[in-house]
Amino acid sequence: MEIFDFAKQIFDAQPFTQLLGADLLEASPDGVVVALDLAPHHLQQHGIVHGGVLSTMADIALAFAGGLAMGSDAVTSEFKINYIRPAKGNGLIAKAQAIGVTKRQALVRSEIFCGETLCCAAQGTILKV
């Protein structure tokens, strides 16, 4: 089984990811790309994407990129997110790449875009399960 097919199978088996509506577009040991078509339930009262949606997209991308880089199941140990600009548009794209990998953990960075606009950046530690 190819790595994308393997990752997609795991991605699609996650109930919360499916509830959110996220989709895995790319997956390799070099990183991942996760997409989300925005709907009214993803927004807060000002019509911009809720910070919880942005942080969830970061967490999903970080964990998948870290797990693929380590070649194992993985969970997020911690992450930090910086909200840069409000996210307002039709969809989000989260891109993540491991920048440091050991046998037990990966340090991963992620950027989340709304259209062409960089909305937030995150960095996290992903642990091998």
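1. The radius of gyration is taken here over C-alpha atoms, and the globule rule is 2.2 Å times the number of residues to the power 0.38. With 129 residues, a compact globule would have a radius near 14 Å, and the protein chain agrees with this, having 14 Å. Along the principal axes, its C-alpha atoms fill a box of roughly 45 × 25 × 25 Å.

2. The basis of these values should be kept in mind: this is a predicted model, in which local features need pLDDT of at least 70 and side-chain atom pairs count only at pLDDT 80 or more, while totals for chains, interfaces and linings use all residues. Residues are numbered from 1 along each chain as its sequence is written, and side-chain values use heavy atoms, with hydrogens and water left out.

3. The protein chain has three helices and six strands, where helices (H or I, at least four residues) and strands (E, at least two) are DSSP runs numbered from the N terminus. Read from the N terminus on, the order of the elements is α-α-β-β-α-β-β-β-β. Among contacts (heavy atoms within 4.5 Å) between residues at least 6 apart in sequence, 59% join residues at least 24 apart.

4. As to burial, 41% of the 129 residues count as buried, a term that means under 20% relative accessible area, with exposed over 50% and partly exposed in between (1.4 Å probe, protein chains only). The accessible surface, from the Shrake-Rupley method with a 1.4 Å probe, comes to about 7100 Å², of which 53% belongs to carbon and sulfur atoms.

5. Helix H3 (residues 51–70) has 20 residues and reaches 28 Å from its first C-alpha to its last, close to the 28 Å expected, the expectation being 1.5 Å times one less than the number of residues. Of the 20 residues of H3, 16 are buried, so the helix is largely enclosed by the rest of the structure. Gly 71, which follows H3, has a positive phi, near 70°.

6. Strand E2 is mostly covered, six of its seven residues being buried. Two strands pair if DSSP finds at least two bridges between them; E2 runs antiparallel to E1, with six bridges joining them, and it also pairs with E4 in the antiparallel sense over six bridges. A hairpin of two residues joins E1 to E2, and Glu 26 stands opposite Val 33 in E2.

7. Val 34 stands opposite Ala 94 in E4. Leaving aside neighbours within four places in sequence, the contacts of Val 34 include Phe 11, Leu 24, Met 57, Ile 60, Ala 61 and Leu 92.

8. His 42 lies in the loop between E2 and H3, and this residue is buried, with a relative accessible area of 4%. Apart from neighbours within four places in sequence, His 42 is in contact with Leu 20, Leu 36, Asp 37, Ile 48, Val 49, His 50 and Val 53.
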